[in-house]
Amino acid sequence: MYLLEVRDLTKHFGGIRAIEEVRFRAKEGSIMSIIGPNGAGKTTLFNCLTGITRPTKGAISFFDMETTGLKPDSIVKLGVARTFQNIRLFREMTVIENVMVSQHCRTRSGLLSAIIRSNNFRNEEKTIKEKALEYLELVGLEAYADTVAGSLPYGSQKRLEIARAIATEPRLILLDEPTAGMNPQETGEMMELIKKLQELGKTIILIEHDMKVVMGISENIVVLDHGVKIAEGAPEEIRKNPMVIEAYLGKEH
Amino acid sequence: MFTQQLINGLTLGGVYALIALGYTMVYGILELINFAHGEIYMLGAYLGIIFLGFFTAIGLTSYSLPLALILTFILSVIFCSSYGFTIEKIAYKPLRNAPRLSPLISAIGVSIFLQNYVMLTQGATDKIFPHLFEKAGIELMGTRVTYTQIFIIAASAILMLSLNLFITKTRMGKAMRAVAQDKVMASLVGININTVISATFIIGSGLAAVAGLMVAAYYGLVNYSIGYIAGIKAFTAAVLGGIGSVPGAMFGGILLGLIESFSAAYISSEYKDAYAFIILIIILFIKPSGLFGKTQEEKV
């Protein structure tokens with residue numbers, strides 16, 4: 001069963017062709033990587049998938065549901081979450097608040113019951129907090145629940161972003177360079193975490209530059225260059241593909 | 001004399017703080033200075049007169065004054081909140097992706113429109129707010145404090161405390177803080193930005209309505225142009241406290257009220273408006289982001 005299907009996706013910014021007729025599919029429960037040199041259109045692709053950018057042409061469907069043109073919060077509700085390459089936490093809120101605010105879209109009680117603090121609301125509030133702690137435990141941050149998010153060390157902030165993404169209860173998680181700027185040990189921990197997410201039944205698509213990570217955990221790799229998909233396949237095939245080598249290293253003279 | 005000025009200052013400051021909150025909350029979320037906000041306050045005062053007049057006409061005021069007052073407050077808040085909600089939808093939402101100057105000009109347009117709309121429908125002359133318990137009061141440390149003053153100070157304090165609880169504890173409050181910090185990211189964790197923005201306008205306008213009503217009861221006179229001066233003062237209070245900061249607006253409002261009342265009493269009442277601005281200039285020299293404001297971080 002395919003969870004995500006991207007058909008002929010095209011995005012032009014004025015005269016610049018950021019993505020040109022890209023098509024691929026992601027299997028449910030798989031880990032997929034999108035690689036390519038700088039400016040290949042990887043982040044633009046993520047922006048289209050999450051509704052931040054409206055594609056010029058083409059279609060995106062999620063479990064056969066057309067999501068092209070939907071607003072970001074509606075896409076989140078369908079089960080797509082993402083993290084950013086440059087961390088975008090709610091820095092002035094505490095760690096646990098960052099995770100709690102993400103559960104917004106999955107809760108029922110409205111404003112009125114919040115004001116009168118009905119039973120229903122209080123129970124729900126308790127569940128939200130318990131769940132938030134669970135998510136923090138998953139990424140190993142439960143001890144920092146009441147710390148202000150902006151004061152966490154870099155690696156922990158990256159992990160908190162993932163906890164916040166999971167809190168929206170997604171089926172598909174898009175990770176934009178999850179190991180960027182990390183040392184080898186942190187990178188190893190991040191790979192473990194990504195595998196753990198897969199064990200929880202999540203489908204993962206990541207943009208990544210670290211080839212050890214890409215080759216180590218992906219089942220399928222899509223290679224973009226100048227907005228065009230130049231290759232797709234298992235890690236071994238991609239490693240040997242001459243077009244990929246050329247895109248990364250240039251033509252041999 | 002000192003206690004008297006303290007009470008006067010707190011009364012005035014509470015009102016400034018309530019209006020300033022509307023400026024600061026909208027700025028925090030949209031980075032828009034909502035120049036029409038002072039007009040909402042003015043509408044609150046007029047609506048108070050209209051509803052109270054209606055309740056007097058049908059005899060409710062003489063039957064039960066507290067009931068009439070409570071209903072007047074509730075109705076004015078509902079009406080002003082609807083005004084705020086509608087203004088955002090008509091005048092600001094279509095311009096959300098426009099250059100930042102466009103919604104600002106739109107806000108000034110709304111302000112001019114509302115002033116003239118009230119002038120045409122209610123007349124250009126002062127309207128008198130019914131004298132309910134203007135003279136009654138208690139003795140406190142040798143000073144006469146009217147019930148109206150006690151009511152204003154208490155109501156402002158309660159509203160500010162509730163707002164603080166709302167923002168820190170409730171889900172909508174957390175969503176508001178998230179939207180204020182990063183709109184795109186907030187939508188990516190499933191928060192509906194439009195709902196949060198509407199809630200901000202509804203709450204801010206409701207607070208301004210309460211402020212308008214209380215001032216009308218305090219001074220006894222209402223005019224279509226009162227929103228302008230009050231708006232400028234409250235905006236000053238918000239900047240003083242650090243625009244975008246909720247505790248800043250509360251503190252800035254009260255500080256401004258105290259400065260005005262003490263300087264009018266001890267220095268000269270002719271320049272009472274000027275002192276507030278002198279203090280503002282001094283504080284902005286020392287701390288350009290305002291007392292509670294954070295220095296803007298560069299976005300990567």
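This is a predicted model: local features need pLDDT of at least 70, side-chain atom pairs count only at pLDDT 80 or more; totals for chains, interfaces and linings use all residues.

1. Residues are numbered from 1 along each chain as its sequence is written, with chains lettered from A and ligands numbered from 1 in the order in which they are written.

2. Chain B contains 12 helices and four strands (DSSP runs numbered from the N terminus: H or I of at least four residues for helices, E of at least two for strands). The radius of gyration of chain B, 19 Å, is close to the 19 Å that the globule rule gives for 300 residues, so chain B is as compact as a globular protein of that length. That radius is taken over C-alpha atoms, and the rule is 2.2 Å times the number of residues to the power 0.38. The C-alpha trace of chain B spans about 60 × 45 × 35 Å along its principal axes.

3. Of the 300 residues in chain B, 49% are buried. A residue is buried if 20 or more other C-beta atoms, placed from the backbone, lie within 10 Å of its own, exposed if 12 or fewer, and partly exposed in between.

4. The largest nonpolar core has 157 residues, and A:Ala163 and B:Ala211 are among those with the most contacts inside it. Such a core is a set of buried Ala, Val, Leu, Ile, Met, Phe, Trp, Tyr and Cys residues joined through C-beta atoms within 7 Å. Setting aside residues up to four places away in sequence, B:Ala211 touches B:Val15, B:Leu18, B:Ile19, B:Tyr41 and B:Gly44; contact requires C-beta atoms, placed from the backbone, within 7 Å.

5. Chain A has an open sheet of four strands in the order 2-1-4-5, with antiparallel pairing; strands pair if DSSP finds at least two bridges between them. Its edge strands are strand 2 (16-27) and strand 5 (65-66) of chain A. Strand 1 (residues 2-13) and strand 4 (residues 57-62) of chain A are joined by five bridges, and A:Ile60 in strand 4 is the bridge partner of A:Val6.

6. Is A:Ile162 buried or exposed? A:Ile162 is buried, with 22 other C-beta atoms within 10 Å. This residue sits in helix 6 (residues 154-166) of chain A. Apart from neighbours within four places in sequence, A:Ile162 is in contact with A:Thr83, A:Val139 and A:Leu193.

Terms used:
Two residues are in contact if their C-beta atoms, placed from the backbone, lie within 7 Å.
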